[in-house]
Amino acid sequence: MNSLLERIFTKEDIISLKEDISKIQKVIFSKSGTLSEKAKGIAKKELFEFILEAEKKGEIDFNSQEQFEFLENLKIKLDSLPLLKMTLAFSPTQSTIEKISQFLENKLGKKIILDISYNPEILGGAILEYRGKYLNLSLAKNLEKSLKINE
Amino acid sequence: LEKETKKSFLEIEKESRQILQVLLKETKEKIKKLEEEIGIISQETRKSFIEKRNEIEILLENYKKEKIKEIDERIFQLLVDITKKVLGKAIDLSTHEELVIKALEKAKKENFFET
């Protein structure tokens, strides 16, 4: 699972990955062979390698129904990954997204999927929402606080 | 006849004096009563005037406070808007990244990611 998640950072990445999985699921019952054979040409590199690896470990067999369920479980696992909603003052580049994701993984010891939205009004910093909790660490909020104190 | 006339005259004079005295007394009483009524009315008017004046003073004071508060808020908002505009243009990508990382560090310190 870790290798599969290496290039997954955002909610959009998860959606795209799940779409690829669904595409494979659609052809599972109409083709015969291993899951990697069925996924070839449909799955992107990381997903394809993940399937190959699972096959090597004997986690998937030739049974189409079991192959389907393997992918279904994968989708469930992807959906259960912790999601951090972040409002940023700028539209982040891929490199920035990767930096944020890496920082979180290093600090928290787990993969967190980012759901990033853009609002220039917050000026800088971030507004965070995680598992029902909300934290406004934006520059706009800090600025208003500072100005009020100095008023 | 002369004696009779004189007697009658004296009686009339006496009665007239009595009537005059009664009239005088009644008039004095009426004047006194009127003076008292005027006093009461004057007191009430004064009291009502003072009350109204106090009410107006309180209203004016509240209005003044409200307006000063409104002006303060407008100035504050203006200050915030100007600072936002200046800062918004001044922050580059690397500073933005730095601010986001700092925010995440702060969130971690505050145990925001703990479940």
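**Basis of the entries**

I worked on a predicted model, in which local features need pLDDT of at least 70 and side-chain atom pairs count only at pLDDT 80 or more, while totals for chains, interfaces and linings use all residues. Residues are numbered from 1 along each chain as its sequence is written, chains are lettered from A and ligands numbered from 1 in the order in which they are written, and side-chain values use heavy atoms, with hydrogens and water left out.

**Chain A, overall**

I found seven helices and four strands in chain A. Helices (H or I, at least four residues) and strands (E, at least two) are DSSP runs, numbered from the N terminus. Along the sequence, I read the pattern of chain A as α-α-α-α-α-β-α-β-β-β-α. Chain A has 151 residues, of which 46% count as buried. I then turned to contacts, meaning heavy atoms within 4.5 Å. Among the contacts of chain A with a separation of 6 or more, 62% are between residues 24 or more positions apart.

**The sheet of chain A**

I noted an open sheet of four strands in chain A, with the order 2-1-3-4 and mixed pairing. Strand 2 (113–118) and strand 4 of chain A are at the edges with a single partner strand each, so one side of each has no neighbour in the sheet. From one strand to the next, the twist averages 20°. Two strands pair if DSSP finds at least two bridges between them. I recorded five bridges between strand 1 (residues 83–88) and strand 3 of chain A, which run antiparallel. Within strand 3 of chain A, Y130(A) is the residue opposite L84(A). Helix 6 (residues 94–108) of chain A packs on the sheet and touches strand 1 and strand 2 of chain A. The direction of helix 6 makes about 135° with that of strand 2 of chain A. For such angles, axes are lines fitted to C-alpha atoms, for helices over the stretch in contact, and the angles run from 0 to 180 degrees between N-to-C directions.

**K38(A)**

I located K38(A) in helix 3 (residues 35–39) of chain A. K38(A) is buried yet has no salt bridge; E37(A), the nearest side chain of opposite charge, is 7.8 Å away. Here Lys and Arg count as positive and Asp and Glu as negative, with His and the chain ends not counted. The K38(A) side chain does reach the backbone oxygen of K31(A), at 3.3 Å. Leaving out residues up to four places away in sequence, I listed the residues that K38(A) touches, including V27(A), I28(A), S64(A) and Q67(A).

**Salt bridges**

I used the rule of a side-chain nitrogen of Lys or Arg within 4 Å of a carboxyl oxygen of Asp or Glu. The count by this rule is 13 salt bridges over all chains.

One of them joins the side chains of K11(A) and D115(A), at 3.7 Å from N to O. This pair links distant parts of the chain, 104 residues apart, with K11(A) in helix 2 (residues 11–28) and D115(A) in strand 2 of chain A. K11(A) is partly exposed at 35% relative accessibility, whereas D115(A) is buried at 13%.

I also noted D20(A), K23(A) and K44(A), which are linked in a network of salt bridges.

In chain B, the side chains of E70(B) and K67(B) meet in a salt bridge of 3.4 Å, N to O. E70(B) and K67(B) are three residues apart in helix 1 (residues 2–90) of chain B, and therefore separated by about one helical turn. Both E70(B), at 31%, and K67(B), at 33%, count as partly exposed.

E110(B) forms a salt bridge with K106(B), with the closest N and O atoms 3.8 Å apart. K106(B) is partly exposed, with a relative accessible area of 38%.

R131(A) is partly exposed, at 47% relative accessible area. N111(B) is partly exposed, at 45% relative accessibility.

Note on methods
Buried < 20%, exposed > 50% of the residue type's maximum accessible area, 1.4 Å probe, protein only. Polar contact = N/O pair within 3.5 Å; in protein donor to acceptor, adjacent residues only side chain to side chain.
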